[in-house]
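Me: I'd like to go through this structure with you, one topic at a time. Ready when you are.

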Amino acid sequence: MVQQYIKHARNCLNLRHKAKGDDQKFKLASILRSLSHALRNWIDYGGDKTLSAQDAKTESMKHIEEAIKLFTKLKAKGNVAKCIMTKSSLLEAGSEEKEKLLRKALEMCDEVYGEVSRLSGMLLWCMYVLFHTRKDFYEAYKWLEKCSQVRTKMSGEHHPHTQMVYEQLNRSIYREIARKTKEAEQKS
């Protein structure tokens, strides 16, 4: 399915590159972002003999960079933030560069959509994963708490994405951090 989408999106790119006008450029940038994301999924699958994971990563980075340039020219800041998040997913887990990109995307997201949006929920989750990967559990907990608040406001407490956050908060490491945090707050 992903492979079929990649083929379809590449065909769409060939048509869109020839089109003129801002609305066509917006559509081109949207396809580039979507294709980059699909290629990112392909990387997770490990690729195959038709497209290796490394080639998919190279192509994905090329497309997301082009999408960022187009959305920036079109002053579509929210879409730039989405692209930056996609670009960060191509970087090494826990890297400083990844953190820098996620913070930039979150700042842009807050400017455009406010602190409570679907995109901010995704970015907060990415920040949680970044710090959890680094085994900085106290910092990860802070991001997970923010994510919990945003996702609960956006989708309600029974939504699968909110439940996923609750499941992480219910892990023993984060229950212990919550307990210690609450104790520290009560003492001060």
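Me: Quick one to begin with: is Ser-36 buried or exposed?

Reply: Ser-36 counts as buried, because its relative accessibility is 0%, where buried means under 20% relative accessible area, exposed over 50% and partly exposed in between, with a 1.4 Å probe and protein chains only. Please keep in mind that this is a predicted model, in which local features need pLDDT of at least 70 and side-chain atom pairs count only at pLDDT 80 or more, while totals for chains, interfaces and linings use all residues. Residues are numbered from 1 along each chain as its sequence is written, and side-chain values use heavy atoms, with hydrogens and water left out.

Me: And which residues does Ser-36 touch?

Reply: Not counting residues up to four places away in sequence, Ser-36 touches Ser-60, His-63, Ile-64, Thr-86 and Leu-90, a contact being heavy atoms within 4.5 Å. Ser-36 is found in helix α2, where helices are DSSP runs (H or I, at least four residues), strands are E runs of at least two, and both are numbered from the N terminus.

Me: What span should α2 have, at 1.5 Å a residue?

Reply: The 24 residues of α2 should span 34 Å, and the end C-alpha atoms of α2 are 35 Å apart, which agrees; the expected span is 1.5 Å times one less than the number of residues. After α2 comes Gly-46, whose phi is positive, near 90°.

Me: How many helices and strands are in the chain?

Reply: The chain has nine helices and zero strands, and its C-alpha trace spans about 65 × 40 × 30 Å along the principal axes.

Me: What about the largest nonpolar core, how many residues does it have?

Reply: That core has 52 residues, and those with the most contacts inside it include Trp-143, Leu-144 and Tyr-174. A nonpolar core here is a set of buried Ala, Val, Leu, Ile, Met, Phe, Trp, Tyr and Cys residues joined through side-chain atoms within 4.5 Å. Helix α2, residues 22-45, gives the most to this core, with nine residues.

Me: Switching to cysteines, how many disulfides does the structure hold?

Reply: The structure holds zero disulfides, a disulfide being a pair of cysteine sulfur atoms within 2.5 Å.
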